[in-house]
Amino acid sequence: APKAQAEQSGFVKAMTLTDATMLVAGSMIGSGIFIVSADIARSLPSPFWLITAWIVTGIITLLGALTYGELAAMYPRAGGQYVFLRESMGPLMGFLYGWTLFLVIQTGTIAAVAVAFGRFLGVLIPSIGPDRFGWFPRLDFAISGGAVEVGLSPQRVIALISIWILTWINLRGVREGKLVQTTLTVVKTGALAGLVLLGLTIGRNAEAIAANFGPGKFVGAIPLDSALVLAFGAALVGSLFSSDAWNNVTFAAAEVKNPQRNLPLSLLLGTGLVSLLYVLANLAYLSTLPLAGSPDGATVIARGIQHATQDRVGTAAAEVLFGSSGTILMACAILISTFGCNNGLILAGARVYYAMARDGVFFRRVGTLNARAVPSAGLIVQSIWVSLLCLTGTYGQLLNYVIFAALVFYVMTTIGLFILRAKRPDAERPYRAVGYPVLPALYMVLAAAVAVILLIAPKTRTEALSGLVLVVIGIPVYFIWRR
């Protein structure tokens, strides 16, 4: 179709299978795997449930990747999931996804990861602290999910600088962006694998092993009731956030070589690799640190996973392995991890806004490419909004709001797969979803079940409803923009 050809004209097909796989893995691995296990451990009663949360998250993610592979091979265009929803469920549904992606999902994640980068740089340089500058305008107010602290701090300055540097790199071309992505992903994946290997071998701590894997300790004696199911569903917010962004490679599909083959493969390889590493990382944590601990504990062992300092479980495990130097080593690893994660998010996000602009539902200038064949206006608009989110300090709350909405869009996209099978049975499908219709349906049921739990669980209900409101607000915005 002329429209599809126009969408792809001008893009440079520079990404190999390795680059695409590294984009999947690199966008997934940020700071979450080193932090969120503490909150999950406080919500769940035993090591068994901590590991189960990560296994369930891995299964959901892999099923999603297998499902999206068919759609990615059918529509290897800039925009990815936005295009899938537009083609299967109409332009309004596509816009609602793109709207929410720009408002919170992509930009909020970039802001959160950037501030995490600033926080861990503060470990190496203590003067980079969280306290806001007195001279910068400050405005604090309360919203559901916590307080909003508007202002500028040394950590937020570093976050802004990292965003601008990565945006500048990606403005120079997709080859520069993918080189940074592939290099940093190899480094951080190796670092995470090294932590896993050491934690499961020479770093095994007798006290932690006895506390987590002793008789009756691993599973515990907690009855499987509705309260545990709700707690388990709410706890998945952290692990799902840590495993999200796996679909970002579809946003940049127009720049992948041989996309009909390499997109499905990269989705499977990237999500499989990261999901396996995440489960093993948590087994390594349980081998070095007891699950339970005291917030007032004098040592990392005494604080355990539940009360690791500032929830930095990865750092606590590194301290057990390497002593005081472990803090520095882990800070360096997380700096590389977060910087690489944001590079992938920044690279991919602008392609969705480009596709929206080509359809007339975003700023017209965003639908153009610069002399280096990248959507420069989209990259710049994205960096401006992300910078504002960093200043408001609302990124954490925004991420909580949008997890529910993101799951809804995953479900909708899977429904779109079934719709396209019915509407366009003769369409070219270079790759067909494995186990169709059973596995895609299972993915849809699991994602929907987690979304429903988030909607009814007291801990997450307000944020889930807020995320839904953000999506609904997009309906009048769509019609105004079309007009």
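Helices (H or I, at least four residues) are DSSP runs numbered from the N terminus.

Keep in mind that this is a predicted model, where local features need pLDDT of at least 70 and side-chain atom pairs count only at pLDDT 80 or more, while totals for chains, interfaces and linings use all residues. Numbering runs from 1 along each chain as its sequence is written, and side-chain values use heavy atoms, leaving out hydrogens and water.

After helix 7 comes Gly 173, with a positive phi near 140 degrees.

Now for the cores. A nonpolar core is a set of buried Ala, Val, Leu, Ile, Met, Phe, Trp, Tyr and Cys residues joined through side-chain atoms within 4.5 Å. In the largest one, with 121 residues, Trp 246 and Leu 407 touch the most other members. Helix 6 (residues 91-124) gives the most to this core, 13 residues. A second, separate core has 22 residues, including Ala 159 and Ile 169.

Val 196 sits in helix 8 (residues 174-200) and counts as buried because its relative accessibility is 5%. The table shows contacts (heavy atoms within 4.5 Å).

| Residue | Contacts, leaving aside neighbours within four places in sequence |
|---|---|
| Leu 407 | Leu 240, Ala 447, Val 450, Ala 451 and Leu 454 |
| Val 196 | Leu 277, Leu 280, Ala 281 and Ala 284 |

Conventions:
Helix = DSSP H or I, 4+ residues; strand = E, 2+ residues; numbered from the N terminus. Buried < 20%, exposed > 50% of the residue type's maximum accessible area, 1.4 Å probe, protein only.
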